[in-house]
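Have the structure open beside you as you read.

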Amino acid sequence: MVMKQYDIPVSMLRQYCFCPRIVYFYLVRQLTPSEKLWMKQGVDEHNRQIMLNNRRNLSRYHICADNWKIRNNIELYSKNLSIHGICDCIIETSDEIIVVEFKSNEHLMCSAGVKIQLCAYVMCCEEKYNISINRGFILYGRKGQTYEICIDEKLRIKTIEVVGKIKKIIDTEILPDSTAEAKKCCQCEFFNFCADRY
Ligand code: SF4
């Protein structure tokens, strides 16, 4: 049997948690929806946070380190998980490597999808740097508040499970069921493609 090669963007893990159908539309149907205004605002805010983050010290992360480096927009991949993506920020100190993801939407900052996305980048980093990492951060809101996320076994298992479910969607090419409620569908870029919704 020929092994299938997967190349799953890490952002799809977060999208899967929002609604599995979004993954189907992107990766199976290869649709690219037109950009909505809130998406453009998200990109602008993301760029602003990168600029500010480069000027900040590590106090907001409660990290004390003499030598440290902040690097933005780092390309990562995991051969083990078959995922790739660009993580917002990596902080390197002499003791640890810390992955930081920026989120402008404060309400979503500790959603399952955001945690799984962060964990996926951490697992990519562990593979790249051959180290073990037990935490990461979400930097959220206009003031750049931080929220620490523990990268424990439970979160790692969930992340691996989501990757498996995405691979299944790619393999079967079947539109998955969705339990997305109206408030999700109304803001979804694929609303017009889901004929059975609201
Ligand atoms: S419209 Fe609703 S069901 Fe369809 S992809 Fe978007 S969130 Fe999912």
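A crossing is right-handed if the near helix is turned clockwise from the far one by less than a right angle, and left-handed if anticlockwise. This is a predicted model, with local features needing pLDDT of at least 70, side-chain atom pairs pLDDT 80 or more, and totals for chains, interfaces and linings using all residues. Residues are numbered from 1 along each chain as its sequence is written, and side-chain values use heavy atoms, without hydrogens and water.

The crossing of α2 and α5 is right-handed. Their axes come within 10 Å and cross at roughly 50 degrees. Which residues meet there? The table shows both sides, with contact meaning heavy atoms within 4.5 Å.

| Helix | Residues in the contact |
|---|---|
| α2 | Pro 20, Val 23, Tyr 24, Leu 27, Val 28 |
| α5 | Ile 166, Ile 169, Ile 170 |

The residues of this contact divide into eight nonpolar, no polar and no charged.

A cavity is a set of points on a 1 Å grid over the protein atoms alone where a 1.4 Å probe fits but cannot get out, and lining residues have an atom within 4 Å of a point. The largest cavity holds about 100 Å³ of space. Its lining has 14 residues, with Cys 19, Ala 180, Cys 185, Cys 188 and Cys 194 nearest the centre. Helix α2 returns here, giving the most to that lining with three residues.

Methods: Axes are lines fitted to C-alpha atoms, for helices over the stretch in contact, and angles run from 0 to 180 degrees between N-to-C directions. Helices (H or I, at least four residues) and strands (E, at least two) are DSSP runs, numbered from the N terminus. Ala, Val, Leu, Ile, Met, Phe, Trp, Tyr, Cys and Pro count as nonpolar, Asp, Glu, Lys and Arg as charged, and the others, Gly among them, as polar. On a 1 Å grid over the protein atoms alone, a cavity is a set of points where a 1.4 Å probe fits but cannot get out, and a pocket is an open set with protein on both sides within 12 Å along at least five of seven lines; lining residues have an atom within 4 Å of a point. Grid points are joined across faces, edges and corners, and a volume is the space filled by probe spheres set on the points.
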